[in-house]
Amino acid sequence: DVAERLKFVEVNQQGSADTPMMMTEEDYQTLGLEPFSTRKLEEYIGEYYRRVFKKLTKGKYEAEPGEVEKEKAESEAKLKQALAQDTEDKLPAGQPEEEEVTVAYQRDVAERLQRFFEDKVLSEMEDVKNAWFGWVPLAEVFNGRSAMMGFSLGLFTEWATDVDVAKQIDLVLAIFSPPS
């Protein structure tokens, strides 16, 4: 991505008030780069706009004679240099060596995690706050919503039949109570 490349080059060349250049020799060694192998921001932007203007004026970008070969030679030289470097894996001072991780160990850890989360879900499901009866949040919410739904149905019935809610309750009680 062009934006990421430009940001890297900008950070590489810009620096801050404390340091004249953000990338120090130590940084280049850590990344396995040579300071002369990176482009300056001005060079990168110059090449980018040269290619863009060429594309705008001629309709397409065509490399100048020898440019493709030069880029291939540069990339091959960089590849050879990277392959020739010491490939020994070195840890920073004080860092413990990594332990070998086997498939059996990964399975064991995965099974333990699975049991842990299943137990956690079960304990949450069996928790008092999820009970359906008593003075618990779930029962209170269910009871409140049921009451709201019943009252809304009563208002709808009042609108549809012109029988008020109190009279509806009286009629329901009369239907379900024994005659006296």
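Predicted model: local features only at pLDDT ≥ 70, side-chain atom pairs only at ≥ 80, totals over all residues.
1. Salt bridges overall. Side chains of opposite charge can pair when their charged atoms come close. The structure holds seven salt bridges. A network of these links Glu47, Arg50, Arg51, Lys54, Glu64, Glu67 and Glu71.

2. Arg50 and Glu64. These two side chains form a salt bridge with an N to O distance of 3.6 Å. Arg50 belongs to helix α3 and Glu64 to the loop between α3 and α4, so the pair ties together parts that are 14 residues apart in sequence. Arg50 is partly exposed, at 33% relative accessibility. Glu64 is also classed as partly exposed, with a relative accessible area of 41%.

3. Arg50 and Glu67. Arg50 also meets the side chain of Glu67 in a salt bridge, at 2.9 Å from N to O. This pair links distant parts of the chain, with Glu67 in helix α4 and Arg50 in helix α3, 17 residues apart. Glu67 counts as buried because its relative accessibility is 12%, and the limit for buried is under 20%.

4. Arg51 and Glu71. A salt bridge of 2.4 Å, N to O, joins the side chains of Arg51 and Glu71. Here too distant parts of the chain are linked: Arg51 lies in helix α3 and Glu71 in helix α4, 20 residues apart. Arg51 has a relative accessible area of 25% and is partly exposed. Glu71, with a relative accessible area of 34%, is partly exposed.

5. The largest pocket. Its volume is about 480 Å³. The lining comprises 19 residues, of which Phe36, Ser37, Thr38, Glu74 and Lys78 are the closest to the centre. By class, the lining residues divide into eight charged, six polar and five nonpolar.

6. Helices around the pocket. Which helices each supply at least two residues of the lining of the largest pocket? They are α3, spanning 41–58, and α4, spanning 67–84. The largest share, seven residues, comes from α4.

7. Gln168. This residue is placed in helix α7, which covers residues 165–176. Is Gln168 buried or exposed? With a relative accessible area of 16%, Gln168 is buried, because the class takes in values under 20%. Apart from neighbours within four places in sequence, the contacts of Gln168 are with Gly154, Thr157, Glu158 and Val163.

Definitions and conventions:
Residues numbered from 1 in each chain as written. Heavy atoms only, no water. 1 Å grid on protein atoms, 1.4 Å probe; cavity = no way out; pocket = protein on both sides within 12 Å on 5 of 7 lines; lining within 4 Å. Points joined across faces, edges and corners; volume = space filled by probe spheres on them. Helix = DSSP H or I, 4+ residues; strand = E, 2+ residues; numbered from the N terminus. Nonpolar A, V, L, I, M, F, W, Y, C, P; charged D, E, K, R; others polar. Buried < 20%, exposed > 50% of the residue type's maximum accessible area, 1.4 Å probe, protein only. Contact = heavy atoms within 4.5 Å. Salt bridge = Lys/Arg side-chain N within 4 Å of Asp/Glu carboxyl O.
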